[in-house]
Amino acid sequence: MSSISTLATPLAFMKKTTTTRRNNSSSSSSRSRRMMTIRCDVEGEEGESQTKIGARVRVKVPLKVYHVPKVPEIDLTGREGHIKQNVSFWKDNKRISANLPYKVEFIANDIQGPRGPLKFVAHLRDDEFEELLSE
Amino acid sequence: MTSQASTFAVSVSSAPSPLRRRGNFSVVRAQVEPSDKSIEIMRKFSEQYARKSGTYFCSDKGVTAVVIKGLADHKDSLGAPLCPCRHYDDKAAEAAQGFWNCPCVPMRERKECHCMLFLTPDNDFAGNEQTITLDEIKESTENM
């Protein structure tokens with residue numbers, strides 16, 4: 001018989017009826033009747049990064065790092081590694097505002113480490129590397 | 001017949017509270033000063049790290065002083081010198097995780113310090129000093 005408006009009622013419907021009421025009400029309360037929807041899409045973010053962990057990647061921008069012990073400067077351009085971790089997710093539910101979220105481990109065959117080829121870790125942004133499709 | 005949920009915005013205007021005594025104003029400044037001990041610790045750290053990394057302080061030492069003070073303030077309040085030039089949603093989590101703990105990851109790995117505390121020699125704003133005294137810090141920041 002009478003339509004009952006609940007939370008499930010589409011917004012457009014409610015908006016329409018509020019505007020008709022608006023004409024009757026005073027101008028001071030008209031602003032308060034405007035309804036806004038704020039959608040916050042967080043869903044895609046976590047799922048996307050989960051697939052990237054463990055992926056083999058290659059650095060595609062000119063990049064040098066200076067933090068490797070005993071090696072003052074290493075040129076990372078073109079080097080391949082694999083993603084170890086996304087540091088922007090921490091302890092289940094906390095978010096960290098890191099601007100270089102991807103921790104990538106490299107194995108440099110051309111540099112000798114203490115036991116075999118040198119292994120080191122560097123932090124990268126997602127636009128600095130490209131995923132290598134497994135052959 | 002349709003039932004609607006209607007919301008009303010109520011604006012409450014409060015009358016200004018009358019001053020008790022005219023001309024007797026006490027200015028409350030909500031400013032937390034970092035402790036001298038923390039400033040000294042961060043000053044020493046900055047000098048030592050600049051030496052170690054081959055970077056230099058800004059030619060305008062006021063910049064260096066403000067950053068050192070900010071680091072000291074975070075060290076006092078959070079236990080770790082979080083980068084003072086960034087905004088955080090959860091400071092405690094950031095301090096515990098450590099990405100932005102000075103020296104932050106971009107500085108450690110790439111020698112990129114956006115606070116302009118540690119500048120590589122090729123930087124236009126780099127001075128030629130790797131030292132700063134406590135007096136210089138205090139003088140540069142006394143009017144803050």
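The expected span of a helix is 1.5 Å times one less than its number of residues. Keep that rule at hand for the helices on this tour. The model is predicted.

**Stop 1: chain B as a whole**

Chain B has five helices and zero strands. Along the sequence the pattern reads α-α-α-α-α. Chain B holds 144 residues, and 38% of them count as buried. Now think about contacts between residues at least 6 apart in sequence: in chain B, 64% of these join residues at least 24 apart.

**Stop 2: helix 1**

Select 36-53 of chain B, which is helix 1. Helix 1 has 18 residues and reaches 25 Å, close to the 26 Å expected at 1.5 Å a residue.

Next, show side chains. Buried residues here include Ile39(B), Met42(B), Phe45(B), Tyr49(B) and Ala50(B). Arg43(B) and Glu47(B) are also buried. What do the buried residues of helix 1 pack against? Helix 2, helix 4 and helix 5 of chain B.

Gly54(B) follows helix 1, and its phi is positive, near 70°.

**Stop 3: helix 2**

Move to 61-78 of chain B, helix 2.

Colour the buried residues. Among them are Val67(B), Ile68(B), Leu71(B), Ala72(B) and His74(B). Lys61(B) and Lys69(B) are buried as well. The cover over the buried residues of helix 2 includes helix 1, helix 3 and helix 5 of chain B.

An α-helix has 3.6 residues a turn, so residues three or four places apart point the same way.

**Stop 4: the disulfide**

Select Cys85(B) and Cys115(B). They form a disulfide, with sulfur atoms 2.3 Å apart. A search of the whole structure finds one disulfide over all chains. Which parts does this pair tie together? Cys85(B) sits in the loop between helix 2 and helix 3 (91-97) of chain B, and Cys115(B) in the loop between helix 4 (105-110) and helix 5 (134-141), so the link joins parts 30 residues apart in sequence.

Look down the S-S bond. The angle about it is 130°, and the link is right-handed. Cys115(B) counts as buried, at 9% relative accessibility.

**Stop 5: cysteines without a partner**

Select Cys102(B) and Cys104(B). Cys104(B) is in no disulfide either. The nearest cysteine sulfur to that of Cys104(B) belongs to Cys83(B), 5.7 Å away. Check the surface again: Cys102(B) counts as buried at 17% relative accessibility, and Cys104(B) is buried with a relative accessible area of 8%.

**Stop 6: the largest cavity**

The whole structure has two cavities of 30 Å³ or more. The largest holds about 90 Å³ of space. Its lining has 15 residues, and those nearest its centre are Cys83(B), Cys102(B), Cys104(B), Cys113(B) and Cys115(B). By class, the lining has 13 nonpolar, two polar and no charged residues.

Terms used
Residues numbered from 1 in each chain as written. Chains lettered and ligands numbered in written order. Predicted model: local features only at pLDDT ≥ 70, side-chain atom pairs only at ≥ 80, totals over all residues. Heavy atoms only, no water. Disulfide = S-S within 2.5 Å. Helix = DSSP H or I, 4+ residues; strand = E, 2+ residues; numbered from the N terminus. Buried < 20%, exposed > 50% of the residue type's maximum accessible area, 1.4 Å probe, protein only. 1 Å grid on protein atoms, 1.4 Å probe; cavity = no way out; pocket = protein on both sides within 12 Å on 5 of 7 lines; lining within 4 Å. Points joined across faces, edges and corners; volume = space filled by probe spheres on them. Nonpolar A, V, L, I, M, F, W, Y, C, P; charged D, E, K, R; others polar. Contact = heavy atoms within 4.5 Å.
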